[in-house]
Amino acid sequence: MIDLFSDTQTRPTPGMREAMARAQVGDEQSNSDPTTNALCERVAEMLGQEAAVFMPSGTMCNLASILVHCRAGDEIIVDDQSHIYNTEAAGAAAIGGVSVKPLPTRVGLFSLAQVEAAIRVPQRTAPRSRLVSIEQTTSFSGGTVWDIGEMRLIRDYAQARGLKAHIDGARLLNAVVATGLSAAEYAAGFDSAWIDLSKGLGCPVGAVLCGTRDFIEQAWQWKYRLGGAMRQSGVLAAAGLYALDHHMTQLAEDNANASRLHRLIADVPGLAFDPTAGQSNILCFTVEGLSITASTFAKACLEEGVRVRAIGTHQIRATANLDVDRAGIDRAAEVIRAKAAAFAATAEGRI
């Protein structure tokens, strides 16, 4: 199986498993787990932040950040294809009483002008605009890398208007290796930011949320409310430290593999790509030109041992990851080309 469904499908490497087995552990609740402490210190330094907390997931990082920054009845501003809006079970609303204002986007990027228009004039009958979240890189819309200048303009404007600025950094490190800019440069000045360990880095679980010491103390309180400390979490944190030592170069390889897949199928009749396609480890394209649905195309590819993800009616997402090498990418391209040709021939026969 060539699994391009998501980089969340990655499995711990043998070296990572060994590091987890040898991890020194304590009790996370009392800040006495040395491996977890080391991971938090390292990621905080990487993102140029004062402190960090180890979380079970990026979803919890987003939710805890929203709950710290907002009060019930507030509103957060996100892109309409973001995880916060689409795939986090409406946690902000269900748990925090916080509404979400999604900005319409083509590839998950919104503009400063859109933010300016979205921030509400204070009035009794409206929610208070409180938080702007930027997802770097974008996900469901194709792995597009946000321009750091645009991020900073939005950050500064939001903060000048009394809002907080947050980075959903599920694939922030893919942007780092794609652009050569550091994670600290991206996160500078933001009120909260996090990186995921369980996607391209290949860890079985975990994410690290960063911010000021006061912010992290409040995030810790929400961590307790949402489930509590993880006790001997060093077993999991060791995987994160191993990944940062050994898998960062793999992120660059994943980006290169997604770009290679793009080159190999870009000329296929019936497939359509956004001009931003192939910037990181995610590649999206539509099959609308083949007169079929994305689910039909994904099923056909799966029959040949290539797993891609159908998103919506016509969009396909393929995500390069450390479990798929260049030969796997080449094989995936062969299958995609062949299936597209077959569907195109069928469509012509119908005409």
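**Sheets and helix packing in the predicted model**

Strand 3 (residues 74–79) and strand 5 (residues 128–135) run parallel and are joined by 4 bridges; two strands pair if DSSP finds at least two bridges between them. Helices (H or I, at least four residues) and strands (E, at least two) are DSSP runs, numbered from the N terminus. Glu75 has Ser129 of strand 5 as its bridge partner. The model is a predicted one, in which local features need pLDDT of at least 70 and side-chain atom pairs count only at pLDDT 80 or more, whereas totals for chains, interfaces and linings use all residues. Residues are numbered from 1 along each chain as its sequence is written, and side-chain values use heavy atoms, with hydrogens and water left out.

An open sheet is formed by 7 strands in the order 2-8-7-6-5-3-4, with mixed pairing. Strand 2 (51–55) and strand 4 (99–103) stand at the edges with a single partner strand each, so one side of each has no neighbour in the sheet. On average, neighbouring strands of this sheet are turned by 20 degrees against each other, direction ignored. Axes are lines fitted to C-alpha atoms, for helices over the stretch in contact, and angles run from 0 to 180 degrees between N-to-C directions. Helix 10 lies across strand 2, strand 7 (192–196) and strand 8 (207–211), and runs at about 20 degrees to strand 2.

Ser233 is located in the loop between helix 10 (213–226) and helix 11. Apart from neighbours within four places in sequence, Ser233 is in contact (heavy atoms within 4.5 Å) with Glu28, Asp33, Thr36 and Phe54.

The axes of helix 2 (residues 34–46) and helix 11 (residues 234–246) come within 8 Å and cross at roughly 40 degrees. Helix 2 and helix 11 are therefore oblique to each other, a class that holds angles left over when those under 35 degrees, over 145 and from 65 to 115 are set aside. Residues of helix 2 including Thr36, Leu39 and Val43 meet residues of helix 11, among them Ala237, Leu241 and Leu244.

A further open sheet, of 3 strands, has the order 9-12-11 and antiparallel pairing. Strand 11 pairs with strand 12 (residues 315–319) over 3 bridges in the antiparallel sense, and Arg309 stands opposite Arg317 of strand 12. Helix 12 (residues 248–265) packs on the sheet and touches strand 9 and strand 12, its direction making about 25 degrees with that of strand 9.
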